[in-house]
Amino acid sequence: MLKILLIGIKNFIKSMIKDNLKIAIIGLGYVGLPLAVEFGKAYNTTGFDINKSRIKELKQGDDITLEVTKEELKNSKKLAYSGNLDDIKSCNIFIVTVPTPIDAANKPDLRPLIEATKSVSNILKVNDIVIYESTVYPGATEEICVPILEECSGLKFNLDFFCGYSPERINPGDKQHKITSIKKITSGSTPKIADKIDKIYQSIIPAGTYKAQSIKIAEAAKVIENTQRDVNIALINELALIFNKLEIDTEAVLKAAETKWNFLPFKPGLVGGHCIGVDPYYLTYKAQEVGFNPEMILAGRKVNDSMAIYVVDKVIELMNKKNISLFNSNILILGLTFKENCPDLRNTKVIDLINGFQKANCNVDVYDPWVNNDEATSKYKINMVENPVNGKYSAIVLAVAHDVFLKLKIEKVRAFGQDDFVLYDIKYLFDEKDVDGRI
């Protein structure tokens, strides 16, 4: 009976808001496209992106991020794509899902967010709602975005137009935890708008929503999710460095510790990507702006950012122990993406491995069947090998835990090495006895 009642309520919510909602998703990357696809199943939705090639591929039914299948794109019957602002002028809900990276000094780079906000402000109308999903520091929506919307549109915040914040929780490559199965935090600039935004998201998210008390709280909740993970991984990375000095296998220690019910199962490794390796800097930036020095968070960032160089040094040390000449040696790195089983190259720390070996006068080959070579060349000036050459390499580094590498089996991986070579396994893909070193 309760289930029937809940379905009835959900259908009522849909019918109540469906007819007059026209939704624009600004930015069609890893976050925006899955969101647009879900909204496009129920509402007139336009996915907007300034990348013309992205719009072209989506119109052809292809998603190079592999987050959405051809079938899912096809089933989103009310979804259209455009790179023309005129095509979203009639929309009344604008959801901004553009990247929020950091610059070379690890400071927030809000240029994509600001440019997207300016674009929306040029077509903003009375009673429109602008919702931000991009990760920011607490206060950014109301301190940075709202003034731009007011100035460029000539409209007044919370009188003529309204805002909300609903942080993205997309996990690239994760086919189990998708947008519809993850509870969505929502918020709005007034209680009434907060209710409306919450109901809109409720209508497409079966996992449900959590309505935060304010936009700032929703922003803060998002930024600490990945900060918490970053600090925990930093702890495990530091423990791994200690255990290495003590000549204890880190994986064995973690397996023993995980037998306690409340031990958190984090693993050591490289920490890159668009979230964990970036979001903490948004929080520390704002903390320092208000006069607080966040020592633990920054210490964790320092540890995690140093891990690639640690791996390079360990591989070189192992090569020296085997009397393998370093100069002009051939190094094979298996994996380029920031995480396993996805093509996402954003902020990958494998680049630090490559740079480290090249500075040591090594030749570096990179093999990653998940990655489009043109994208690797465009972003990082890397030409990957189509297939590693048997017997060529003085050292092999397993950098990313793609299933395809595990399926190669240890014998095939070892065949890439010379008669005497070093095999270093960052991701614990193979047994300790089969490799020369692990984090």
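Is Tyr137 buried or exposed, and what is its relative accessible area? I looked this up and found that Tyr137 is buried, at a relative accessible area of 4%, where buried means under 20%, exposed over 50% and partly exposed in between, with a 1.4 Å probe and protein chains only.

I note that this is a predicted model, in which local features need pLDDT of at least 70 and side-chain atom pairs count only at pLDDT 80 or more, while totals for chains, interfaces and linings use all residues. Residues are numbered from 1 along each chain as its sequence is written, and side-chain values use heavy atoms, with hydrogens and water left out.

Next I searched the whole structure for aromatic pairs and found five; rings of Phe, Tyr and Trp (its six-membered ring) pair if their centres lie within 6.5 Å, and planes under 30 degrees apart count as stacked, over 60 as edge-to-face and the rest as tilted. Tyr137 lies in the loop between strand E5 (129–132) and helix H6 (140–153) and Tyr285 in helix H10 (residues 279–289), so the pair ties together parts 148 residues apart in sequence; helices (H or I, at least four residues) and strands (E, at least two) are DSSP runs, numbered from the N terminus. Tyr285 counts as partly exposed, at 27% relative accessibility.
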